[in-house]
Structure formats: C-alpha cells, structure tokens
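Please find my notes on this model below, as numbered points.

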Amino acid sequence: MIEAIAFYGMAAVALTGAVLVVSLRNTVHSALALGLSLSGVAGLFACLGADFLFAGQLLIYVGGIAILIVFVVMLLGRTSDLHLRQVNQQWAAALLVCAITGAGLWRLGGLYRHASALVPAAATTRAIGLLMLGDYAVPFEVISLVLLAALLGAVFFSRKDIS
C-alpha cells in the first residue's frame with residue numbers, strides 16, 4: 001500500500017512539473033519546474049526498483065541538464081525573453097493531439113492493468129555496469145563521441161560573429 005502511495009505521489013510530482021513547464025510565463029520558473037518534473041521521474045524509477053536509472057536520472061538530468069538550462073536561460077536570455085507567451089494560435093490542435101495520444105496510452109496501459117510483478121525488484125547497477133564495460137563498451141563509446149560532436153556543433157553554431 002505504501003509503495004502505491006509513493007508511486008502515485010511521484011507521478012503527481014512529475015506531471016505537475018511537466019504542466020508547469022509549459023504553462024508558466026517566466027522562462028526561469030519553467031526551467032525550475034523542469035527540474036521538479038525530472039526529479040519526479042527519478043522518484044518513479046526509485047519506486048520501481050531501478051536503482052541505476054534513479055541515480056542516472058538524478059545525476060545527469062536533474063543535476064546536470066536542468067541546472068545547465070537554468071544557467072543558460074539566466075546568462076543568455078534577455079529580460080524580454082524571460083516573459084514569453086506560452087500559448088499560440090495552434091493550442092487547439094495541440095490539445096487534440098495530446099488527447100489522442102493520452103487515449104492511446106490509456107488503452108495501451110489497460111492491456112497491462114492486471115499484470116503484477118512476480119519477482120521483487122533487485123539491484124541492477126552491477127549488471128548494467130558489467131554490460132557497459134563488456135559487451136556494449138564500443139557502442140557506449142560511440143554514443144559518447146556522438147554527444148561530444150553534438151556539443152561542439154552547438155557551440156559552433158551558437159557563437160556570435162565579432163566582425
């Protein structure tokens with residue numbers, strides 16, 4: 001019973017943060033709400049017994065990405081950019097797409113509604129670490145090179161011409 005309360009509490013935190021990200025007018029507040037939403041997702045991973053994903057979500061997304069977004073918004077954003085309108089002319093079409101997607105996910109979730117975990121959750125960090133340093137070492141390094149190239153490309157395209 002306590003696990004279900006914790007799971008639904010974390011889901012509520014994640015959804016509330018996600019709604020705040022798209023509904024707040026101040027960009028800094030939206031970035032902070034993104035951190036809240038990502039923290040809720042980390043809590044969901046913890047509730048499901050996925051300890052590696054929980055730690056990765058906290059370290060990478062909450063501790064790294066969300067803080068980086070806050071710094072970028074605060075350092076590069078102009079004062080006029082911090083208060084943008086969050087709704088445009090296509091809000092009705094976006095609401096329709098969200099409703100269709102939500103209905104599809106609800107129907108998909110209904111297929112697994114009566115399923116339950118037969119095996120209790122166990123620690124997965126050691127097994128994932130062995131796979132990343134063993135069988136999947138080369139794809140893991142290739143992904144890191146692709147991310148490094150994307151980072152360098154973002155720096156190259158975002159620089160200002162001084163001349």
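1. The model is predicted, so local features need pLDDT of at least 70 and side-chain atom pairs count only at pLDDT 80 or more, while totals for chains, interfaces and linings use all residues. Residues are numbered from 1 along each chain as its sequence is written, and side-chain values use heavy atoms, with hydrogens and water left out.

2. The protein chain has six helices and zero strands. Its pattern along the sequence is α-α-α-α-α-α. Helices (H or I, at least four residues) and strands (E, at least two) are DSSP runs, numbered from the N terminus.

3. Where does Asn 26 lie? Asn 26 is in the loop between α1 (2-23) and α2 (27-47). With a relative accessibility of 15%, Asn 26 counts as buried. A polar atom of the Asn 26 side chain lies 2.9 Å from the backbone nitrogen of Val 28. For reference, a polar contact is a pair of N or O atoms within 3.5 Å; within protein, one must be able to donate a hydrogen and the other to accept it, and residues adjacent in sequence count only if both atoms are side-chain atoms.

4. The axes of α2 and helix α3 (residues 51-76) come within 9 Å and cross at roughly 180°. The two helices, α2 and α3, are therefore roughly antiparallel. The contact of α2 with α3 involves 19 nonpolar, five polar and no charged residues. Axes are lines fitted to C-alpha atoms, for helices over the stretch in contact, and angles run from 0 to 180 degrees between N-to-C directions. Angles under 35 degrees count as roughly parallel, over 145 as roughly antiparallel, 65 to 115 as roughly perpendicular and the rest as oblique. Ala, Val, Leu, Ile, Met, Phe, Trp, Tyr, Cys and Pro count as nonpolar, Asp, Glu, Lys and Arg as charged, and the others, Gly among them, as polar.

5. Gly 49 sits in the loop between α2 and α3 and is partly exposed at 25%. Its C-alpha atom is 7.2 Å from that of Ala 123, 74 residues apart along the chain. Gly 63 belongs to helix α3 and is partly exposed at 44%. The C-alpha atoms of Gly 63 and Gly 35, 28 residues apart along the chain, are separated by 8.4 Å.

6. How many aromatic pairs does a search of the whole structure find? The search finds two. Phe 7 and Tyr 8 are edge-to-face, 5.6 Å centre to centre with 80° between the planes; Phe 7 is partly exposed at 28% and Tyr 8 is exposed at 59%. Phe 156 and Phe 157 are also edge-to-face, at 5.2 Å and 75°; Phe 156 is partly exposed at 46% and Phe 157 is exposed at 71%. Rings of Phe, Tyr and Trp (its six-membered ring) pair if their centres lie within 6.5 Å; planes under 30 degrees apart count as stacked, over 60 as edge-to-face and the rest as tilted.

7. The structure holds zero disulfides, a disulfide being a pair of cysteine sulfur atoms within 2.5 Å. Cys 47 is partly exposed at 34%, and Cys 98 is exposed at 53%.

Key. Buried means under 20% relative accessible area, exposed over 50%, partly exposed in between (1.4 Å probe, protein chains only).
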